[in-house]
Amino acid sequence: MKILLLGAGKVGLSLLEMLPEVRYSRGGSGIQVSAIADSGGYLHTQGMKPLEIAASKRSGKLHSLHGWKEGGRLLDVIAESDADVLVDCMTTNFRDAKPSLDCVLAAFRKGMDVVTANKGPLALHAPLVLGEARRAGSSIMFSATVGGGTPFIDFGMLCRRDSSIASLRGILNGTTNFVLTRMSEGLPADSAITEAKAAGIAETDPTNDIRGLDSSAKIVILANTLAGREYTLPDVDMTGIEAVTPEMFREAESSGRSLKLISTYIPGEEVLRVSPELVSSSDHLNVGGTYNALTYTLEDGNEFTLIGTGAGAVETARAVARDIASLLDAREGKRDNQARTS
Ligand SMILES: NC(=O)c1ccc[n+]([C@@H]2O[C@H](COP(=O)([O-])OP(=O)(O)OC[C@H]3O[C@@H](n4cnc5c(N)ncnc54)[C@H](OP(=O)(O)O)[C@@H]3O)[C@@H](O)[C@H]2O)c1
């Protein structure tokens, strides 16, 4: 199976470096990277191994390789590509989801499947993206968009087999959880954010995290996937952690609770919300540091909480790799079935 990789930053590079180890049911290395693009242009790799591509990018030599198209357009590399799967590891854009949105739609038109770590297109244009995938008969897999390496979406799909979702409630952003945890220990907000950046937890510009946009995108993706809805980002009643004050932490402490940025979806009440809330010390969501946690309450009365590391380039790349391996398995299974029935 051939992939076209868009974006070779922290996640894309980690993916290239783990591709040779990706396990799928047949074993072996059934995955080739036939082309790669970053913000400077693109390259049809002509059989280069993923590790060679990663090493070229890391050493700054990718753009001087023979065949590199400086300034080449993403839509051109998609049109020229013989890849089966478009893998989107480009920067998330919550304004209009471009250029990823156009790339994903172009991939579907070519009959390609899509694996994405990028929340933009699904958070802003889920009806369009999912509709175009259905029309084209393509798959789109996006477990990396929520929870990094923790399989919040996959676990939710498993829960959904037994019963509908009655509510989802969780901490979906590791950066804000870290910042709130450090603030609860007495650090001012600015210092907590600086510390998160220094530790490589927060992006250089963590605005999307602090304002609650990242958490909002994730609760939209969860609601749409697990409850078959077609929400978009503006549907979320969103409050970030910008206005959190030391007094709020003192109040939380005096009542034995913690202040957390909680994302909530209650289908029966059309509640789709992100806001700072007090959680009791016995609540499973009372996790500190960069942890993410999500409580799934089902209509049959069952309740589960999944806790895990929410982000990290390697963990996120692992989720992308899992999705690629699932596609490979599905394609080979389909081929086997065709062989058996012909
Ligand atoms: N890092 C995490 O822990 C994490 C967790 C969950 C999800 N994600 C998602 O995964 C994606 C990648 O994250 P990352 O941490 O790898 O980001 P990153 O290190 O900033 O890398 C982004 C990549 O996108 C490329 N890019 C940006 N604009 C482009 C354009 N217009 N055309 C072509 N390429 C473009 C960049 O090109 P250059 O190399 O030329 O700059 C870079 O290779 C994002 O959508 C992010 O939200 C990341």
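Keep in mind that the model is predicted.

Let's begin with the overall layout. The chain splits into domain 1, made of 2–146 + 314–341, and domain 2, which covers 152–310. Where they touch, domain 1 brings 13 residues and domain 2 brings 17 residues. Which helix gives the most on the domain 1 side? That is helix H5, residues 120–136, with six residues. Sorted by class, the domain 1 side of this contact has eight nonpolar residues, three polar and two charged.

Next, the sheet. It is open, with seven strands in the order S4-S3-S2-S1-S5-S6-S7, and its pairing is mixed. At the edges sit strand S4 (69–70) and strand S7 (140–141), each pairing on one side only. If you look at strand S5 (residues 85–88) and strand S6 (residues 113–116), you'll find four bridges in the parallel sense. As an example, Val 87 has Val 115 in S6 as its bridge partner.

Last stop: two helices. Helix H1 (residues 10–18) and helix H2 (residues 50–58) have axes that come within 7 Å and cross at roughly 145°. The crossing is left-handed. From H1, the residues involved are Leu 13, Leu 16 and Glu 17, and they meet H2 residues including Leu 51, Ile 53 and Lys 57. This contact counts six nonpolar residues, three charged and no polar ones.

Definitions and conventions
Residues are numbered from 1 along each chain as its sequence is written. This is a predicted model: local features need pLDDT of at least 70, side-chain atom pairs count only at pLDDT 80 or more; totals for chains, interfaces and linings use all residues. Domain bounds come from an automatic or database domain assignment. Two residues are in contact if their C-beta atoms, placed from the backbone, lie within 7 Å. Ala, Val, Leu, Ile, Met, Phe, Trp, Tyr, Cys and Pro count as nonpolar, Asp, Glu, Lys and Arg as charged, and the others, Gly among them, as polar. Two strands pair if DSSP finds at least two bridges between them. Axes are lines fitted to C-alpha atoms, for helices over the stretch in contact, and angles run from 0 to 180 degrees between N-to-C directions. A crossing is left-handed if the near helix is turned anticlockwise from the far one by less than a right angle, and right-handed if clockwise.
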